[in-house]
Structures are given as structure tokens and as C-alpha cells.
Amino acid sequence: MRRTDPSPPTDLPASLVFGPNEDCFRLDPREPVFYLDPYPAYAALRERTPLGFWEEAGCIAAFEHTTVSRLLKDRRLGRILPAGPDGRPARDVPAHLEAFYALEAHSLLDLEAPTHTRLRALVSKAFVSRNVERLEGTIETLANRLIDAFEADGEVELVTAFAEPLPVAIISDLIGVDRSHAPLLLQWSHAMVAMYGFLRDRAVEEAADRASREFRAFLQETIRRKRRFPADDLVSALIAAETESGRLSEDEMISTLAVLLNAGHEATVHAIGNGTRAILESGLDPQALFADEASGEASVEEVLRFDTPLHLFRRVAFQDIELAEGRWLRRGEEIALMLGAANRDPAVFAAPDRFDPARGRNGHVAFGAGIHFCIGAPLARLELRVALATLFRRLPALRLAGEPRARDSFHFRGLPRLDLAF
């Protein structure tokens, strides 16, 4: 059902054009007015075509929270049409992407039941056994060390000095590899994640395939070493994890570790940058927002809602589905679930464009929902709470030094740099 937002959007992208029946639209995701601030366009699209066919995306896009949340949980939708009853995806793989899709073949993100159920149970057993909460001290120590390196300068570019190195170091510790490998992990992650962008070219694909091949070789050697010398780390836990359905194969372990690195690290980097910006621009007292664990947790949830790192999650129909009266998604067709738009829906969030950690229950969809709900959400929440609390405690005079500008990639919304002074 369409409705009128309380404050009509302004500064809409010039490329936003609605079809004659408002059941389709055009919108160039590379237009700066859009990727620098997509929320006015989302508001207009929610109002005029909440289930509109996006010409540039080649599929229907859903913008309302109720619809996005419902479809994330709908088992008639998945990431890729399964090839058969084992739930594995069917793909036509070009030769120059064989290594990349070899990793994807066993990815929790792409698999469906029953294979997804088996792998998720095994990974959850290993991941939960790590007891994420005990990493709090490690995260705080690392955050303090990173701040020590620039505190005397009176200024910092936060993305490269803090937001990027912190989560990749934690992932290194979690996997059980030396932190000296962090730059390589970061390089591979950037190259592989670029494949999920809205627009990509042959150069992006070749870089992702090369990174996938190198990352696989690195993880194969890590797994071999951990089989001989198990330790208190995730790789050793995955090797040992077993349920009634069996154990993880090496290919499944490698794909799982790739997902944890790419999904967990990239999103956390953007959330730290986006969150710092949102807090500093809000006019609220940053230290008060993280005065204790409860207020810190509420602030993190609002960070994730207010400027979500992942804005679009594609799903494909496994059968014909009536999305709304007379609006069908046919088997094999895709739909873009617009997480960033859903998290600013005024039907669910009062004054959605205001950063307000005190808003109470926060039903954002930043981590997805249903069987593909982010398995690393507890770690991401902990990293955000500890990193931001430490940053604002250590640097109480922190302020923006220049206008932050989102990078040219609305799909993964983040800042290429965030210049601060204190």
C-alpha cells in the first residue's frame, strides 16, 4: 500500500524517472547525487513504486520494511536456483571465474536446505564454541594500540588508521593466522567483494578470481597446519566440529572462512566509518552514547539502522510468488531487497532520518533475516560497540575535519576516507 511520507524528499537524482504506470523506474546508481545520499531517492521510491521494476538492475526492487523483512524469511526465495535436491546452486561458470565460483559453490550465502542446514549447524557449533564475548578484551587492546599510533597527531584519516586494520586483525586472530598476514587478507577481501557490486567489468572479475585462487591456497596451507597442530582458533574448531550429519569437507571449510572474512570484515569497516560520521553529525554526546554496555548496544543498533553498510540483497524465486495483489515474481526471476531503504521506512521507524539511539526497539534488517541471517552478527556488534566506545573515550574532542563523501558504490555503502581532528 502506498502512502505519503511526512517530509517529501528533495535533491532527487536527475536519472530517477518513473514509468507511466509507476510500476517501473530508471535510476543510475553511479550518479553522485544518489550514491552520496540515497535516502531521498529511497523515500520517493517507497511512496510511488514500493515494488517497482528497476531497469538498471534488471529486476523488481522492494523498498518497504514489511515487504523486505517478509521476503528475507520466505523459503520460496533464495540466492541462486538450486541445481537439484542437494540445494547446491546451478551456475554457468566462465573460465576466467573458475576459482571465484569454486569458493562460492560451498558458500553459506548461496546454499539452500538441506545442504545449508547441515553446514550452518556445523559452523554455528564452531563459531559459538569460540565464545565471541571473550574477544572483548582483545578488541579493546587493539583499538587502544591503533589510537596510540595517531593520538599525538591531533588528526587522523580514520578508515585506514582504525576502521580497516581493527576488524581484519580480529579476523586473523579468529582464524588462527598471524596478524602479519592481515594486509594480504584485506587485499583479497576487497578484490572478492567487488564481485557483488552493482556494476562490474572484466578487470574486477579477473582480480576477484586471482584473489580467490591465492586465498584458497593460503587457507589450504592453514588447514594442513592446524590438522597437525590444532590450537584455540576457528580453523581448529571447524576441523573438529561434528554433528550427526558429519563434518565439514575441506572445500566447505575454505568457503566458510572466505565468507566470514569477506562479509564480516567489509561490513564492519563501513559500519565503523558510517557510525562515527553519524554520531559526530548528530550533535549527541558520543561518550554518553557508550556510557555503559546497554547504551552502547542501543547505539550500535542505531548505527546499523541509520546508515546500513549493505544496501541491496538479491533473491531469486524458486517458484511463482505473488508479491502483492496482481504483482508476481516468476520462477527464476530476481528481486532486489533494499535493506538501506527498509531501515529508513517511516512506517516502522519514527523520524527515520534522525539518528536516535533512544528510539527503543530497533527492528532493522542490516544483518538480513531468515536462514541467511548473518552468522557473524554477534562478533560485528561486539567489534562496533568496543571500537566506537574506545574511540570516543580516548578522543573526547573528536570532530569532523572536512565533509565526508561516500564512495561510488551505493550497494556497499561506506566512506573511502574519514578525516577527523581532535
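Visitor: In which sense do strand 3 and strand 4 pair, and over how many bridges?

Guide: Strand 3 pairs with strand 4 (residues 59-62) in the antiparallel sense, over four bridges. Strands are DSSP runs of E with at least two residues, helices are runs of H or I with at least four, and both are numbered from the N terminus. Two strands pair if DSSP finds at least two bridges between them.

Visitor: What kind of model is this?

Guide: It is a predicted model, in which local features need pLDDT of at least 70 and side-chain atom pairs count only at pLDDT 80 or more, while totals for chains, interfaces and linings use all residues. Residues are numbered from 1 along each chain as its sequence is written, and side-chain values use heavy atoms, without hydrogens and water.

Visitor: Back to strand 3, then. Which residue is the bridge partner of Leu51 in strand 4?

Guide: The partner of Leu51 is Ala62. The two strands form a hairpin with four residues between them, and Gly58 in the turn has a positive phi of about 75°.

Visitor: In which sense does strand 2 pair with strand 3?

Guide: Strand 2 (residues 24-26) and strand 3 (residues 51-54) pair in the parallel sense over two bridges. Phe25 has Trp54 of strand 3 as its bridge partner.

Visitor: What is the strand order in the open sheet of three strands?

Guide: The order is 6-14-13, and the pairing is antiparallel. Strand 6 (155-157) and strand 13 (399-400) are the edge strands, each pairing on one side only.

Visitor: How many bridges join strand 6 and strand 14?

Guide: There are three bridges between strand 6 and strand 14 (residues 419-421), which pair in the antiparallel sense. Val156 stands opposite Leu420 of strand 14.

Visitor: Now the helices. At what angle do helix 9 and helix 10 pack?

Guide: Helix 9 (residues 182-193) packs against helix 10 (residues 202-228) at an angle of about 140°, and their axes are 8 Å apart. Helix 9 is therefore oblique to helix 10; angles under 35 degrees count as roughly parallel, over 145 as roughly antiparallel, 65 to 115 as roughly perpendicular and the rest as oblique. The axes are lines fitted to C-alpha atoms over the stretch in contact, and angles run from 0 to 180 degrees between N-to-C directions.

Visitor: Which residues of helix 9 make that contact?

Guide: Helix 9 contributes Leu185, Trp188, Ala191 and Met192. Those of helix 10 include Ala207, Ala211, Phe215 and Phe218. Contact means heavy atoms within 4.5 Å.

Visitor: Is Asp209 buried or exposed?

Guide: Asp209, which lies in helix 10, is buried, with a relative accessible area of 5%. Buried means under 20%, exposed over 50% and partly exposed in between (1.4 Å probe, protein chains only). Leaving aside neighbours within four places in sequence, Asp209 is in contact with His96, Leu97, Glu98, Ala99 and Phe100.

Visitor: And where is His265 found?

Guide: His265 is in helix 12 (residues 250-282), and it is buried at a relative accessible area of 1%. Not counting residues up to four places away in sequence, His265 touches Glu164, Pro167, Val168, Leu186, Ser189, His190 and Leu260. Glu64, 201 residues from His265 along the chain, is 27 Å from it, C-alpha to C-alpha.

Visitor: What about Arg70: which helix is it found in?

Guide: Arg70 belongs to helix 3 (residues 65-72) and is partly exposed, with a relative accessible area of 36%. Arg70 and Ala369 are 299 residues apart in sequence, and their C-alpha atoms are 8.7 Å apart in space.
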